[in-house]
Amino acid sequence: MMVLKGELVRLTPRGKMLALVSSLLIAIGVISPSNSTFNVMVSLGFSLLLLILVSRYLLMLKVSALKRVRISRTFIGNLTEGNSVKVVLKLENKSYISLGLLEVNDAPPRLFKVLGTISHIISLPPKSAGVIEYKVKPVIGEHYFENITVRMRDPLGINFYEGIVPVKSIVRVKPKIERPITSKVLVKTVSAPFGTSRFHMRGVGQEFADVREYVFGDDYRRIEWKATARTAKLMTKEYELEAHLRVLFVLDATTSMLYGLKGNTKLEYSARAIATLSKFLLDRGDYVGLLVFGCDKEIYVPIKRGRKHILNIVNALSSIKPVKNTKTGIGECILKAIAKSGKFRKNLILIISDLEFSSENEREELIKALNSLIESRNDVVLVAPYTPLFEIEELKGIGEILYRIHAAKSWREREEEVEIFERRGVKVFNVGPKDIIDLLLLKVEEARGYAP
């Protein structure tokens with residue numbers, strides 16, 4: 001049974017006007033009760049009041065039936081950004097009373113783009129069901145569909161009722177995984193186009209690499225007898241040692257990362273880049289982990305390998321719900337994640353943060369944590385999405401000119417911020433929406449040359 005939370009039946013503006021007119025007619029008629037014209041006015045006034053009361057009680061009867069209506073919300077489609085998802089509201093009238101002129105208003109997340117209308121008028125005959133549909137384009141992260149509002153009026157539009165139906169729904173939207181294989185950066189830097197990625201490190205491994213002359217101390221079991229017979233020199237087999245990267249993505253999901261165009265904020269581009277690079281690395285046999293800072297609770301995915309691990313990464317990214325306005329605690333959070341992943345193992349730590357701090361203490365905390373990671377022989381790269389590059393894409397004319405002036409001043413401030421980090425030994429790379437994936441991919445492939 002549906003629970004309606006709202007006020008009682010109230011008068012519409014038309015009903016208020018009728019009530020005022022009826023009161024005036026009655027008041028004027030009382031002035032001269034012996035006059036037949038005034039008697040007619042009194043009768044008309046009372047008739048209007050009776051009409052208001054009758055329509056009110058009839059509407060109250062329908063409201064009692066409305067409380068027996070069941071409303072459910074379902075979703076049809078792939079909850080991945082960029083896709084259109086159909087929202088279906090199903091209403092079931094369990095009573096024997098016909099419910100006409102029922103206005104239903106849904107409340108999708110404000111960041112979703114609505115395709116169609118969320119307000120519908122529907123009629124529900126006795127013991128029947130009705131369906132309302134509309135489409136939305138979701139954005140990455142965890143979002144809430146709020147309560148549904150229902151309104152009902154009498155046929156004359158004199159009285160109305162408005163109630164709230166508590167039908168909240170949580171949706172987790174996954175980031176879209178791009179195809180970095182088309183990137184020029186990838187074409188130039190990929191060392192193994194398919195399967196496990198290997199760095200040619202001569203030593204004890206599983207894959208045959210070459211044959212060389214035997215050196216005292218080599219394992220005699222690796223002697224290549226055919227080559228020895230052919231060259232008349234003692235030859236031994238040399239193998240290739242597999243080198244897998246251990247990559248930890250750290251995503252700053254504080255509210256400042258929500259700047260940008262609706263549906264394409266800094267946070268969404270960053271989540272999309274992490275999903276794309278994670279799939280690329282896992283397909284190549286590398287280890288990948290994820291830490292998200294800025295949500296109502298810490299999101300941490302341990303560093304693991306295997307293609308199925310991409311599901312854990314994508315599900316974590318779909319659970320992002322920014323609530324923190326400051327970056328206080330991000331340094332400590334990163335250190336804890338590294339401790340969980342293996343303190344004495346070398347990692348490539350790719351941090352995506354916009355460097356928009358509310359105080360110097362926040363910046364200093366992050367720098368100290370990153371220096372500690374560098375001292376532990378981890379490789380740290382700080383990728384900084386630059387806000388104006390994410391906001392200027394759709395500006396034209398005078399708006400674009402004014403914004404470019406503002407961006408030039410902001411760029412000087414950003415350079416000063418970057419300089420503070422680089423003086424302390426932390427590499428920072430400013431990125432826009434078009435190059436964030438390419439830059440991350442380039443840093444991954446550079447790190448592959450010295451993978452452990």
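With which side chain does the side chain of Glu142 make a polar contact at 3.0 Å? In this predicted model, the partner at that distance is the side chain of Tyr144. A polar contact also joins the side chain of Glu142 to that of Arg172, here at 3.1 Å. Glu142 belongs to strand 9, which comprises residues 141–145. With a relative accessibility of 12%, Glu142 falls under the 20% cut-off and therefore counts as buried. When neighbours within four places in sequence are set aside, the residues in contact with Glu142 are Ile170, Val171 and Arg172, together with Ser318, Ser319, Ile320 and Lys321.

Helix 1 was examined next. This helix is formed by 19 residues, 13–31, and at 1.5 Å a residue it should span 27 Å; the C-alpha atoms at its ends lie 28 Å apart, in agreement with that expectation. The buried residues of helix 1 are Gly15, Ala19, Ser22, Leu25, Ile26 and Gly29. Viewed down the helix axis, these buried residues fall within an arc of 125 degrees, and so they line one face of helix 1. Exposed residues Pro13, Lys16, Met17 and Ile31 are carried on the face turned away from the buried side. The cover over the buried residues of helix 1 includes strand 2 (10–11) as well as helix 2 (36–66).

Technical notes. Residues numbered from 1 in each chain as written. Predicted model: local features only at pLDDT ≥ 70, side-chain atom pairs only at ≥ 80, totals over all residues. Heavy atoms only, no water. Helix = DSSP H or I, 4+ residues; strand = E, 2+ residues; numbered from the N terminus. Buried < 20%, exposed > 50% of the residue type's maximum accessible area, 1.4 Å probe, protein only. Polar contact = N/O pair within 3.5 Å; in protein donor to acceptor, adjacent residues only side chain to side chain. Contact = heavy atoms within 4.5 Å. Expected span 1.5 Å × (residues − 1). Arc of directions from axis to C-beta.
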